[in-house]
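Hi,

Here is the structure I promised to send over. Have a look at it first, and then read on for my notes.

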Amino acid sequence: MPDGVFALQPETSVPGPPLYADVVISRHLARTFTYLIPAHLRHRTQAGSRVLVPFGRSFLQGVVVAVADRPPAESASKRLREIQSLLDQDKGSELGPELLELSRLVAERYLAPWGQCVRLVAPPTYPGRRKVRYGLTEAGCWALNGGEHLSAAEQELLRRLARRAKGLTETSLRKAVGTSFGRVLRKVVREGWVHCLEAAEQPESGVRTGRRAATAHMRDDLDSWLIDARFQPPVLSPDASARLDQLIRSCDFSRHSAILLHGPPEHRLASLMGVAETVLAREQTILVITGEVLRARRLAYQARSRWGDRVVLVHSGLPAAVRTEGWRRMREGSARVVIGTRSAVFAPVSSLGLIWIDGEDDPSLKEEQEPRYHARDVAWLRADRNRAVLVLGSFHPSLETLQAIERDGVAIYLGPEAPGQPKVELVDLRTYPFGTLLSPPMIEGIDRALDQRRGAALFLNRKGYARALTCHECGNVPRCADCSVALVYYRRIGRLICQYCGASIALPDTCPACRAAKLEPIGFGTERLEDEVRRVFPKARIARLDRDVIRHASQEDAVRRLLGAGELDVIIGTQLLFQVGPLPPFGFVGVPYADAGLHLPDFRAAERTYHALLDAVALARPDDAGGQVVLQTYMPTHHAVAAVVNRDFQTFREVELAMRKALGYPPFCHLISLRVSGRNADRAEDSAVRWAELLKEQARRVGWQSGPGTATVGLTSVHAQTDGVSVLGPVPAPVAKVRGRHRWQLLVKSTDREVARALVAATLEQMEGKQPSKDLKFEVDVDPVDML
C-alpha cells in the first residue's frame, strides 16, 4: 500500500430489501424524484429528513417526503441513483410531519413547487457551523490501491481524501485538482469512490459558544430599544377592559376559533398581553406575526420584559447563528412566545394555542417571490389544523377579513371612542391654482401648531422631488432604459432614479429628444414638500422621514427621540410615519394630496387610501386638545375621502362592496394573477396569448363553460366567461417592462377557488413544458395583494 494511503472501515449496513425515498428538490420543480436509500442510511432516513442527492451533473439539497419498499411504477424500470448523504446530523433536526404537511398544503393552495415550499419550513442554515465535505469510500480505497486505472488528477484527489478521515471541503479539493475539478469529481462520485458527507466544522464546545453568542445578540437586539413609557401597555378604560374580558371569554382553546380585534395598536398590545397570560397558563405556545420588522422588535421587547427568555424573535434580518439557535429552542419547546414577521408563521412550535396577527391588513404579510403565500391565510389554515385560536388585529380591518369573520368568527371593537378624534377639514384643490402644494388652510394649521409648540406632521406617500421631468418644448419625459417608467427626479443629488431597478443617471442639462433647455418637474414628492415648507417657515426645525434619508433603525430612533424632546417642529414623511413606532401626538396633521393612491390600477386602491388617511388622522391630538387635520384633494366627493372626513366607515364599506360585487372582485370572487415575462417582447406576448387560449380550451373541455363564451383575441384582451370562471387578458402589465423583461398579464376570476386553481395548474404545466425559450417565466399569484 502506498505511503499515506489507508483502508477505510466500511460503514455499518442494515441488511434487508431495498428502500426507496421520494424527494422534493429545492428548485422550481413541481414533481418528486425517487432515489434509492443506501444500506447504511436505511435506519436514519425517514419522511422529513434533509438529504443531499445527485441531480444531473451536480448535487442538490432535498427533503424526503415518503419512504417505500418498492419504487413507483414509472420508476421501476429505471436505474435509480442513491442518496449521497443525510444533512440532519443532529437528532430532531429533521422536519416534523406537521410542518411537512403544511408545506404541501401551501404548495397546493398557491400553485407553487413543493420543493420551494419545503424551504419555508426547513431549519435556517448556519454556514459557520457546517459545511458539506467529501469523503473516500471503501471502493475508492480499492481503486487508489491499484484496483482501477486512474488519471493523475483522479489519483491526486483520492490520495488527498485518504489522508483526511473526516473528509475535505470542495474548496480544498478544487485547489488540489485545478481546472479539471468538476469533471474529475463527477466521475469519482459516479463510480462510487467518493461520497458526500456533512461534518461539524466546530467542536461541541464551539457550538455552545455559538448558542451563548446567539442568545446575547438576541438580548442586545431587544434591549437596544429605549425604555420608554410610550412602549408600555396603556391603562385601559373600564369600557376597554370590559371588551378585553369579552375577548378572553371568546377564546375557546378547545377548538379552532377566529376573532377580529378592531382597535388602535396600544389597545391591541394590552389585549395581547392579557390573552397571552391565559395561553401560557395552559402551557401552550403563542405565535405573534406582524408585517414589519420594527413592529416585531417592539412587540418582542414588551414580551421579553414580562416573560424573559421564553420569548424568541424571528425575522430574516437576524444573523444565521441567532436564527439557528431560535429554531432549536422553538423545536425543543423552551420558547413559548414566538414573535416575528411573515415567515414566522412556519415556526416549528408545538402545543400551539394562539396565533396573533397584528395588522392583518398589512400588504407586507404577502410574500412577493415564489411561493407567494399570505401569512394571514396560512395562519388561518394552521390554526384550524391545530385547533388554535386565531386573533386578527387591526386598526382598520380589510374588507375580505370582515366578510370572513361575519361568516365564521367573532368581532370585538376596542375603541377609540368618537370624542377622541381630531377635527378634520377638507380642502378642495379644484378651487386653487393647479399645482398648489400648501393651501392657505394648510399653512394656517402649520403656523398655529408652531406657535403652540405642538408639532406638525405632513404625510405624502411619494419620495423624491418630482415624479418626473418633462420637456416644455416637445413633451418628452426621460424614462428608464430597462423599465417602462419615468425616472423620478431627486433635486438634492441632481439625479434621475428608477424606482423599480434603481438605475441612476445624472440630471441632463437639455432634453435628450429635442435638445431644448426646458426640462421642468411635474408632480411632487417629500423632497419638494420639504423645500416648500422651509420656504414658508424658514425658522422651523424640519425633518424628513422616508427611506431616502432613513435607512437604519438607529436613525428612526434618533428622529423619535428628537420628537419626544420637542426638538422638531415639522416632520414630513411617507408611510414610514406609521411604521417607526409610537410618536407623540401632533397638534396639526396635513395630507397635501389625499387622493394620490386612488389613481392606481388596483381594485384595492380606494381601501388602501382610506386606511392610509385613517393612519394619518390617528397621528393628531384629539379635538379637545387642539388637534387638527387638513386633507387636500381633487376628489372631495370620493367615498374613501368622504368617509374619513365624516367618520363614516359603514357608508364606505357599503359603497366599496357594492362596486366590487358589480365588477366581480374579492370578497365576492377569487383571483389568480398570471404573468408571462421575457427579454424578447414578441415571444412573451405570443406565450401570453397561448396561455389565455389554453385556459379557455381547458375550461370548455372539462365542462366549466355553461353557455356560449365570448372572446376577443388581440393585443389588448382575451376574455372568456365560463360558469363561475372568467379569463381576462392578456394585456401588458401596468409596468410593462421591468429590468429589461417585457411583462404580460392575465387574470383568472372564479367564484370557486378550487376550480380556478385546477384550471391554472393544468395549463401551467403545459406552458412550462412547451415553452419556446428558457428565458420565459410563467408566474402565478393566487389571491394577489398587489395588482401592479
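In which helix does Glu530 lie? Glu530 is part of helix α15, residues 526–536; helices here are DSSP runs of H or I with at least four residues, numbered from the N terminus, while strands are runs of E with at least two.

Before going further, some housekeeping. This is a predicted model, so local features need pLDDT of at least 70 and side-chain atom pairs count only at pLDDT 80 or more, while totals for chains, interfaces and linings use all residues. Residues are numbered from 1 along each chain as its sequence is written, and side-chain values use heavy atoms, with hydrogens and water left out.

Leaving aside neighbours within four places in sequence, Glu530 is in contact with Arg492, Ile542, Arg544 and Ile572, contact being heavy atoms within 4.5 Å. Glu530 and Gly573 are 43 residues apart in sequence, with 9.5 Å between their C-alpha atoms.

Glu400 sits in helix α13, residues 399–407. Its relative accessibility is 16%, so Glu400 counts as buried. Not counting residues up to four places away in sequence, Glu400 touches Arg604, Glu607, Arg660, Pro666 and Pro667.

Two helix pairs

Helix α18 (residues 639–646) packs against helix α19 (residues 649–663) at about 165°, with the axes 9 Å apart. Axes are lines fitted to C-alpha atoms, for helices over the stretch in contact, and angles run from 0 to 180 degrees between N-to-C directions. α18 and α19 are therefore roughly antiparallel (over 145 degrees; under 35 is roughly parallel, 65 to 115 roughly perpendicular and the rest oblique). The contact is made by His639, Ala640 and Ala643 of α18 with Phe652, Val655, Glu656 and Met659 of α19. By class, that contact of α18 with α19 has 5 nonpolar, 1 polar and 1 charged residues; Ala, Val, Leu, Ile, Met, Phe, Trp, Tyr, Cys and Pro count as nonpolar, Asp, Glu, Lys and Arg as charged, and the others, Gly among them, as polar.

The other pair is α9 (residues 265–281) and α10 (residues 293–307), at about 45° with axes 12 Å apart, so α9 and α10 are oblique to each other. Among the residues making the contact are Leu269 and Leu272 of α9 and Leu299 and Trp307 of α10. The residues of this α9 and α10 contact divide into 9 nonpolar, 1 polar and 4 charged.

Cheers

Notes:
Buried < 20%, exposed > 50% of the residue type's maximum accessible area, 1.4 Å probe, protein only.
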